[in-house]
Amino acid sequence: MGSLGRAAPPFISFLTDFGADNAPAVCRGVMWGIVPDARICDVTHAIAKFDVRGGAFRLACAVPYFPIGVHLAVVDPGVGTARRPIAILTGRGDILVGPDNGLLRPAAERLGGAREARQLENPALWRDHVSDTFHARDVFAPVAAHLAGGTRFDELGAAVPTASLVELVLPSASVRDGGLDSGVLLVDSFGNCRLAGEPVDLERATGALDPGRRFRVAMPSAVIEAPWVRTFADVTPGQPLLYDDADYAGLALAVNRGSAAERFELMVDDRVRIEPA
Amino acid sequence: MGSLGRAAPPFISFLTDFGADNAPAVCRGVMWGIVPDARICDVTHAIAKFDVRGGAFRLACAVPYFPIGVHLAVVDPGVGTARRPIAILTGRGDILVGPDNGLLRPAAERLGGAREARQLENPALWRDHVSDTFHARDVFAPVAAHLAGGTRFDELGAAVPTASLVELVLPSASVRDGGLDSGVLLVDSFGNCRLAGEPVDLERATGALDPGRRFRVAMPSAVIEAPWVRTFADVTPGQPLLYDDADYAGLALAVNRGSAAERFELMVDDRVRIEPA
Amino acid sequence: MGSLGRAAPPFISFLTDFGADNAPAVCRGVMWGIVPDARICDVTHAIAKFDVRGGAFRLACAVPYFPIGVHLAVVDPGVGTARRPIAILTGRGDILVGPDNGLLRPAAERLGGAREARQLENPALWRDHVSDTFHARDVFAPVAAHLAGGTRFDELGAAVPTASLVELVLPSASVRDGGLDSGVLLVDSFGNCRLAGEPVDLERATGALDPGRRFRVAMPSAVIEAPWVRTFADVTPGQPLLYDDADYAGLALAVNRGSAAERFELMVDDRVRIEPA
């Protein structure tokens, strides 16, 4: 049941692309079988199937708000192949568990950086029988639970140089000709579009972001004008806005009480240019 | 970790329109960081975006079945504007936390009425940095957690007259010419349509509700006959029925093993007239 | 609060076809009111409406991975009718609670068989008022919680011969003319299709299942070739594969990084024939 003298029960967050079926519950069951008092917090299981980048970005945005603990994340199109199962110990003291396909690194960055990484190769911490298609249940969940219960990080397996961990290429932003070239990083459930870059990048490209200042936003299917504002209701319902998104920590485009993604046919990876109007 | 001598860990229910993304998890993480042993019960995060009334009605129907505790609800199209963040102490002893836009009042009514209300204006109970677009995480969730952990209601901020709280206008029912004029309050996930009014209203309009008695139901896109029955299987599969809905506590129209909303193209706010057949 | 001396808090798993609305939360609230420290594990509430077989199969696949406990399952198109509310004590020591419509039996088989069954007829274990349309809340959830809290199995009501419990007819597999005739048992959220039968049945029909060996798969809307492989990534993205599915424990057809159900228009109950290519 974990180490003694603990103030709070162990915390495990859990993110997958498994959807609304019973796979996440099976993994929770496995974890509770190992560490019965764990607080298990489903981050989301609605990551688009096989969307490692979408999972990585959401995980990175969520973990800073969680108690220090174990973060289990599985978006794993390479399950059963040579891709390494790993765990990363972070600067803040959290441990990330999942496949080495780039899913975990952005979250590690938000938690003080990857201090140490280990390959999962200690079968004593796995289920007795390991399948070829469900490592979340048979390897990752039991390892996460054992870690939450007090197993030492160096019992997992051989150290892996953190520089060798797979890294994702995410859309980026760049300043050019008095505007910001950016890409769509993520579309949230409201249809708000998180763009690559921070407000400070837009400021660097175009000057001070005074509330109400208007911008021209060129997208693949639409060119619009939108003001820089503090919050949704600073524009009338149905109007677009540029703002600093609190959930996904950066520059974003939305429509007050509407869906920017739907209205402007925006998808992840689409390129966007923002210039003074 | 809350007040001492407590028999059960604190209970926090949690309802939003945030959908299947990671925002609810972030709020749960913030709450567990403050009150590590809380039982957090997601009511639903599938409220239609910005549908304050749908959220209010579902919350009101759910809270009577929860242990006495804190109920956090956020459907908040006015986030970051002057709408007040509030908490309501109820007759039963529960505390409701959310925006003052009508979302919380029907639930307060079901819990013995609003005994006292406070504006949330004590930043010591919030996150250090409060964003303009995610008050659920930065204000409401931490306040709910502190309350669950034992913070006194009067520490939240100034008292607000309960009569000044924003009130929603919900579809209503009225007796007219030997029938009941009603409106669709809610469509549930089965497509069952909860109508304004109680069985007693239909009885007042038309006389005793004997099982099997037939009614004419006029809707915008269809006019049908349906019997008053006790439960779904009292009619054959595919047949409509009028009944006393247990989940949403009142008069309802359904189709046995089907969706009344789909079949009769019924939506919230549609007007329905029920008369003896 | 359950029996004394317990090592871990009681475990209750919970499966329904209630969808994303607030009905599951209401049941969790009722259970926590009775057994405040229960670990409640939602299996899934996304079973297709009224799909008793889909619920039964998923429940059966999930329960072996859960701690010994109470498993509450409600897919109940006959709510309020004469169908019996029951509980089944299994060989492993778990108790299954739900309607006697076949939903629980396959899970009992996976847990060591149905050792004993009882009809739920002790109103002291129900809510004070029992509705006609929401027995999950008023009967099944409170009984499950009382059992998790230590109520003895024989307090539930009269014993029911286990042989009298309703049994479902699931698609089956049969060996014929050097091939396997099978049916689609389940389509998961990835679009992977679990077929009736085990790899050993295919082996019996066609000989040794060497990795890479190719088969002809005849479906209602498509005839394809697919290799027998160990895991998804053994074929290139977009290619079909036959494999031993770990989640649903048996023979399955998938498309690497795609949906077999969508691509081949496969649905539950469709017949499939597999022969050597």
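User: A:F11, buried or exposed?
Analyst: Buried, at 2% relative accessibility. With a 1.4 Å probe and protein chains only, buried means under 20% relative accessible area, exposed over 50%, and partly exposed in between.

User: What should I know about the model and numbering?
Analyst: The model is predicted: local features need pLDDT of at least 70, side-chain atom pairs count only at pLDDT 80 or more, and totals for chains, interfaces and linings use all residues. Residues are numbered from 1 along each chain as its sequence is written, chains are lettered from A and ligands numbered from 1 in the order written, and side-chain values use heavy atoms, leaving out hydrogens and water.

User: How many aromatic pairs over all chains?
Analyst: The search of the whole structure finds 21. Rings of Phe, Tyr and Trp (its six-membered ring) pair if their centres lie within 6.5 Å; planes under 30 degrees apart are stacked, over 60 edge-to-face, the rest tilted.

User: Why is the A:F11 and A:F66 pair classed as it is?
Analyst: Their planes are at 45 degrees, so the pair is tilted, with centres 5.4 Å apart. A:F11 sits in strand 1 (residues 11-16) of chain A and A:F66 in the loop between helix 2 (52-62) and strand 3 (70-74), so the pair ties together parts 55 residues apart in sequence. Helices (H or I, at least four residues) and strands (E, at least two) are DSSP runs, numbered from the N terminus. A:F66 is buried too, at 3%.

User: What about B:F11 and C:W32?
Analyst: Ring centres are 5.9 Å apart and planes at 75 degrees, so that pair is edge-to-face. B:F11 is in strand 1 (residues 11-16) of chain B and C:W32 in helix 1 of chain C, so the pair joins two chains. B:F11 is buried at 2%, C:W32 at 9%.

User: Which rings link into a cluster?
Analyst: A:F18, A:F50, A:F134 and C:F190.

User: New topic. How many residues in the contact of chain C and chain B?
Analyst: Chain C gives 28 and chain B gives 32, with contact meaning heavy atoms within 4.5 Å.

User: How many salt bridges between chain C and chain B?
Analyst: Two (a Lys or Arg side-chain nitrogen within 4 Å of an Asp or Glu carboxyl oxygen). One of them joins B:R58 and C:D21, at 2.7 Å, N to O.

User: Which element gives the largest share of chain C's side?
Analyst: Helix 1 (residues 23-34) of chain C, with eight residues.
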